[in-house]
Amino acid sequence: MGYELGRFEGDVDEELICPICSGVLEEPLQAPQCEHAYCASCIQEWLTRQPTCPADRSPITFNQLKPVPRILRNLLSRLQIACDNALYGCTAVVKLDVLHSHLLECEHNPKKPVQCTEGCGLVIPKDELQDHNCVRELRSLVTSQQQKMGEMQSEIMEAKLQLNEQKREIQMLKELMRSMRATNPRIREIQASMESEDVVGWVNSLETARVTRWGGMISTPDAVLQAVIKRALLDSGCPTHIVTELMENAHERRWPTGLSTLETRQLNRRQYENYVAKRIPGKQAVVVMTCENQHMPDDLIVEPGLVMIFAHGVE
């Protein structure tokens, strides 16, 4: 719907008037062939009834309409128009292209958001301020929030029930898989193959490490240090089915015979450079995985691999 002609100062060119509503064009669109221009809302409503140009009846669809030329937009933007709030006391006359920004700041706008100064501090439309009651509005707000909290609690309870049901189904599936593995060797082989692929994929994602000070190896890491390294393994994407075993292999009591004592570590020190070691991201620690160290003697490697933690010397 276009702007009322009576709001404008001076004469308005006929080319700027919508043939449908007889008002000044608002958000104008143009027919593709005949180039007649209309308010966007006017022509959209018209075309829902008949797909023809209102001026010359040539066939058109809404998707064929296009923006009017820049010269027409410039002519519209220069028109001087009275504020929408003239009935409420505003005497401003502004260019059409700044009308929207003026309305946002107009002190006579009855819908302008204002803050209540009577105590509640709520922001409400200006024309509702006179009938505003702080106690009533705050009570309504509290009631609304309580309803929302109640709805959220119901949703949380429903989510918990669904989660518990999913956990139960997962547990039943695990039990079924265990039962099938126990009775079907082929399933055991398939699972072992899948787990092996997961391990290889994870190992390949890690950066190759270079240990410069093998003497800095910590053979008996404490519980706190082990927890830190375990978290780093999980964050790096380490398959969960080997995390616990890897961390148990971080202590010398689980190391192979060639590393299990200080004496054997001294004897085998020259062979350490043959390890293919991968860096545990962000930590002075490496993993030496069996799948990458088949070339090492049996007394220097253990399934599925070793976690070696250092005080320093890992690049």
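Biologist: Which strands does α6 lie across?

Modeller: Helix α6 lies across β8, β10 and β11, and runs at about 120° to β11. This is a predicted model, in which local features need pLDDT of at least 70 and side-chain atom pairs count only at pLDDT 80 or more, while totals for chains, interfaces and linings use all residues. Residues are numbered from 1 along each chain as its sequence is written, and side-chain values use heavy atoms, with hydrogens and water left out.

Biologist: How are the helices, strands and axes defined?

Modeller: Helices (H or I, at least four residues) and strands (E, at least two) are DSSP runs, numbered from the N terminus. Axes are lines fitted to C-alpha atoms, for helices over the stretch in contact, and angles run from 0 to 180 degrees between N-to-C directions.

Biologist: In what order do the strands of that open sheet stand?

Modeller: The order of the four strands is β8-β11-β10-β9, with antiparallel pairing. Strands β8 (217-218) and β9 (278-279) are at the edges with a single partner strand each, so one side of each has no neighbour in the sheet. Two strands pair if DSSP finds at least two bridges between them.

Biologist: How many bridges join β10 to β11?

Modeller: There are five bridges between β10 (residues 285-289) and β11 (residues 305-310), and the two strands run antiparallel. Valine 288 is opposite leucine 306 in β11.

Biologist: And how many bridges are there between β9 and β10?

Modeller: Two bridges, again in the antiparallel sense. Here lysine 278 is opposite valine 287 in β10. The hairpin of β9 and β10 has five residues between the strands, and glycine 282 takes a positive phi near 80° there.

Biologist: Are the residues of β10 buried or exposed?

Modeller: Five of the five residues of β10 are buried. Buried means under 20% relative accessible area, exposed over 50%, and partly exposed in between (1.4 Å probe, protein chains only). Ala285, Val287 and Met289 are on one side of β10, with Val286 and Val288 on the other, and both faces are covered.

Biologist: Back to α6. At what angle does its axis cross that of α7?

Modeller: The axes of α6 (residues 223-235) and α7 (residues 240-248) cross at roughly 155° and come within 10 Å. That makes the two helices roughly antiparallel, a label for angles over 145 degrees, whereas under 35 counts as roughly parallel, 65 to 115 as roughly perpendicular and the rest as oblique.

Biologist: Which residues make the contact?

Modeller: Helix α6 contributes Gln226, Ile229, Lys230, Leu233 and Leu234, and α7 contributes Thr240, Val243, Thr244 and Met247. Contact means heavy atoms within 4.5 Å.

Biologist: Changing topic, where does histidine 102 lie?

Modeller: Histidine 102 lies in helix α3 (residues 99-105). Its relative accessible area is 19%, so histidine 102 is buried. Leaving aside neighbours within four places in sequence, histidine 102 is in contact with Cys83, Cys90, Ala92 and Val94.

Biologist: Is glycine 2 buried or exposed?

Modeller: Glycine 2 counts as buried, at 18% relative accessibility. This residue lies in the segment before β1. Beyond neighbours within four places in sequence, the contacts of glycine 2 include Cys21, Cys39 and Cys42.

Biologist: What about glutamate 14, buried or exposed?

Modeller: Glutamate 14 is exposed, with a relative accessible area of 67%. Glutamate 14 lies in the segment before β1 (28-30). From C-alpha to C-alpha, glutamate 14 and glutamate 245 are 86 Å apart in space, and they are 231 residues apart in sequence.
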